[in-house]
Amino acid sequence: MAGETTQYTYGTPVVAGIAHGEVAWVQRPQTPAEYAPAIEESEREAEYQRFEAATEEVSKRLMERAQNMVGSASDVLFMTSQMVVDKSWRQEAKKHITGEGTPAVQATVRATEKFVELFKQAGGLMAERVTDLKDIRDRVIAQLQGEPEPGIPTLEKAVILFADDLAPADTAGLDPTKVLAIATILGGPTSHTSIIARQLGIPCIVAARELGSIEGGTGVLLDGGTGRIELNPDEDIAKAAVEADAKRREAAKSWVGPGKTKDGEEIPLLANVQDGKGAQKASQSQAEGIGLFRTELCFLGVSQEPSVEEQVQVYRPVLDAFAGRKVVVRTLDAGSDKPVDWASVPDEENPALGVRGLRTSGIAPNQLPNQLDAIASANEGSEADVWVMAPMVSTVAEARWFAQLARERGLVAGIMVEVPSAAILAPLFLPEVDFVSIGTNDLTQYTMAADRMNPNLATYTDPWQPAVLALISYTAKTGKTQGKPVGVCGEAAADPLLACVLHGMGVTSLSMAASAIGAVGAQLSSVTGEQCRQAAEQVLKADSADAARYAARKVLEA
């Protein structure tokens, strides 16, 4: 506003877009009083039943939301719904209620406090879930007290939403017509806030450490492409910036495909899906195929391995939705943040570096052959072009073994490049398989030795980090030399600017949330293949993520 000092604050950019409006803070409810009179022993069992009913109701509502969402939004809501009815958490609450006479509300608080401390001590992915724990605590307490669910406030006008962090249920329920943009103090490029904001197309900045100094009601101009938040901007300049961004978004909406550069170089744009419902929705978008079919939904939340026939019933609708087009199926990526009871090591000290992905074959040796049988069976009579890939492959021997299993069943065999060893030894890995797909989320995590879910490490888990880009470039060049497809299916593929750089490096396909395809396609169609290669060349000279972004913009926006 005129006469006011212009100030800036910065965070990590995760979803491009420009928004101008007033700040509205997400406020979490106050924690109830710690002390409350003990209840009579004769009433304690009924009080626990009241607590249990509240958890069941909250879990049910979250599950219903998960079923009405697709992609990553559904994943995080499903996991949160399971946390609400976790046996250990409920047992801790029961101890306080039936053993000590603590009222259900206070018992909920105390049980949560114990697990918050345990999760913080565990660090890594467990520490990231502290936000989720506090969220389910608040929802259960609200249910017990007969109050509305906590979370995003009722918005009478469109705002720019600020928060310490957003719980999965908050982000999954965002209304893009009321939330112009999001900025959080915590979070990282691959946190649930970032992933869902990208899926909804809402400009987003995370890890903005100085955000807390900005009061609600302050006018700001937020640029999700650069990570800059300008306080009290000039109204005319802000309006012009928003209008220019609106034209860019309109171009993304009107883009119809297929994926190619301004001068006709093709780059297939594929969709990430998790089930038949998501595949059906993606088939109505500009997606040219499926680059990542996550099969975890079939395995999460069940006490034993689903049968081959049960799996076929899940896989076949996905293949049918993309008849005549490529469908890349990823085998079970269990472990770490996606524990499966019968295929995970409980209480691993460092699960991200533990038994996950292909490594679970040591615990459940029949699971992978059974799943490949199910994929092959689902493919019988299907018109889809089915490829299959294994996650968390670390050695050449693993790649060779998986490829043999897949080919025995008539499937095109590939692996995920997520572990740096697979990128560094790409010349040895690629001859063993038919294709590779780079999972940039985990590749970044392992390359930078930074937990991608740790909100304090957002700078390190940025896919624009030069070391990560160097590994991607090397893998893509190796693939070109050997005539093998090299795709990218991590969150990096959904960044329109980075997508151009990846094409310039030689990546042969990009897979992302279907909602992101229009923006990526529109950006690619505005530049030439030579510009993409020049941008890739300049980016590889950068010494920081910010410098890499700047170098790419300088070439691609010239």
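**View 1. Leucine 425 in a loop of the predicted model.** Leucine 425 is partly exposed, because its relative accessibility is 38%. This model is predicted, not experimental. Leucine 425 sits in the loop that links helix 14 (420-424) to helix 15 (426-429). Together with Ile424 and Leu428, Leu425 makes a nonpolar surface patch of about 270 Å².

**View 2. The largest nonpolar core.** This core holds 126 residues. Leu269, Trp464, Ile472, Val501, Leu510 and Met512 touch the most other members. Helix 4 (residues 104-122) supplies the largest share of the core, 8 residues.

**View 3. Contacts around leucine 269.** Residues up to four places away in sequence are not counted here. Leucine 269 touches Leu510 and Met512, among others. Its contacts also include Trp255, Gly259, Gln286, Ala287, Glu288 and Gly289. Ile517, Val520, Gly521 and Leu524 complete the list. Leu269, Leu510 and Met512 are also among the core residues that touch the most other members.

View 4. The disulfide count comes to 0. Cysteine 489 is in no disulfide. The nearest cysteine sulfur belongs to cysteine 500, 19 Å away, whereas a disulfide needs the two sulfur atoms within 2.5 Å. Cysteine 489 counts as buried because its relative accessible area is 6%. Cysteine 204 is buried too, with a relative accessible area of 0%.

Key: Residues are numbered from 1 along each chain as its sequence is written. This is a predicted model: local features need pLDDT of at least 70, side-chain atom pairs count only at pLDDT 80 or more; totals for chains, interfaces and linings use all residues. Side-chain values use heavy atoms; hydrogens and water are left out. Patches are made of residues with over 30% relative accessible area and no salt bridge: like charges are joined within 9 Å, nonpolar side chains (Val, Leu, Ile, Met, Phe, Trp, Tyr) within 5 Å. Accessible areas come from the Shrake-Rupley method with a 1.4 Å probe; for residues, only the protein chains shown count as cover. A salt bridge is a side-chain nitrogen of Lys or Arg within 4 Å of a carboxyl oxygen of Asp or Glu. Helices (H or I, at least four residues) and strands (E, at least two) are DSSP runs, numbered from the N terminus. Buried means under 20% relative accessible area, exposed over 50%, partly exposed in between (1.4 Å probe, protein chains only). A nonpolar core is a set of buried Ala, Val, Leu, Ile, Met, Phe, Trp, Tyr and Cys residues joined through side-chain atoms within 4.5 Å. Contact means heavy atoms within 4.5 Å.
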